[in-house]
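Here's a quick tour of the salt bridges in one protein model. Take a look at the sequence and structure first, then read on.

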Amino acid sequence: MENQGRIDTRRIGDISERVIRHLEKVVVGQREPLRLLWSSLLTGGHVLVEGVPGLGKTLMVRALGQVVDASFARIQFTPDLMPADVTGTKVFDLQSGRFTFKQGPLFHHLILADEINRTPPKTQAALLEAMEEGQVTVDGEGKRLPQPFFVVATQNPIEYEGTYPLPEAQLDRFSIKLTVDYPGEEEEIAVLREHRMTERRESRLSPQVGVDEILDCRKMLEGVQVEESVLQYIAGIVRATRHHPRVMLGASPRAGLNLLSLGKAMAAAEGRDYVTPDDVKTVMKPVLRHRVVPNPDVELEGLNIDDLIEEITSTVVVPR
């Protein structure tokens, strides 16, 4: 049985490497965000991506939509977008004399929710229900969404006028928050070198994995072993965020579950059937940065949220 577990995780590792390698053909210099994005898809989490315009946030998700053989939809969130515009609505059919349900863009496997903070709370809530429950409610009737169902929402960190920031309770539904930064000089030159005016960059990619394979991999992740000392380490990290003097609101138990599941995905992506503390460290900042609310004076001292997470977690004993 143990040997079978190793074979399974090796298979996840092979699929993961193939997917990341293809994504890197068009998304240059973002290997770590791509690994985290793929791991979130494997574990059934959802992702919030933040970065200034033009860094390839949308390209990253469109490229994933090309590499995964699944249905894909992009929703541009605007101030006038209504819940029915994303969930779908009932329309009257003159021929049958009945109301029939017309599906909205949420009825796809991969959803890019572009600029989620530009739409009113009612529409945000419709998306967040879909993320949490795997269904939408139309006229009091629940309708199941396809599986896997994976949402990647983007937001711009520099323009807040006319936006509707997500409250902490809703941010907690995102498995991780990725921050996309400017590329290095070599990567930027590579982007210029590969630019084509007549085609989208992601159009060069071909499907590398299907939805059934993703669901199989998700089941296999359950078999990745986690020692008691690593579980204690995860709990210690989450609990440390709640008692630190510079923190106004600490991480929820859901943060610990995300650290655990993403740690398993990181281990399996490297062909291992056990989680190490380093796997947890790799996903620690993306899992915590949107869940830990610092005191107002932290920003005045010039500390960003990642610095604060580093300070907090350095007090937790790392298992051998």
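Is glutamate 24 buried, partly exposed or exposed? Glutamate 24 counts as partly exposed, with 28% relative accessibility. (Buried means under 20% relative accessible area, exposed over 50%, and partly exposed in between, using a 1.4 Å probe and protein chains only.)

## Ground rules

This is a predicted model, so local features need pLDDT of at least 70 and side-chain atom pairs count only at pLDDT 80 or more, while totals for chains, interfaces and linings use all residues. Residues are numbered from 1 along each chain as its sequence is written, and side-chain values use heavy atoms, leaving out hydrogens and water.

## A partly exposed pair

The structure has 15 salt bridges, each a side-chain nitrogen of Lys or Arg within 4 Å of a carboxyl oxygen of Asp or Glu. One of them links the side chains of glutamate 24 and arginine 31 at 2.9 Å, N to O. Arginine 31 is partly exposed too, at 33%.

## A buried pair

Arginine 291 and aspartate 172 also form a salt bridge, at 2.5 Å from N to O. Arginine 291 sits in the loop between helix H11 (277-288) and strand E13 (293-294), and aspartate 172 in the loop between helix H6 (168-171) and strand E10 (176-179), so the pair ties together parts that are 119 residues apart in sequence. (Helices, H or I with at least four residues, and strands, E with at least two, are DSSP runs numbered from the N terminus.) Arginine 291 is buried at 4%, and aspartate 172 is buried at 15%.

## A network

Glutamate 270 and arginine 272 meet in a salt bridge of 2.9 Å, N to O, and arginine 272 is buried at 16%. Shared partners join Glu32, Arg35, Glu270, Arg272 and Asp279 into one salt-bridge network.
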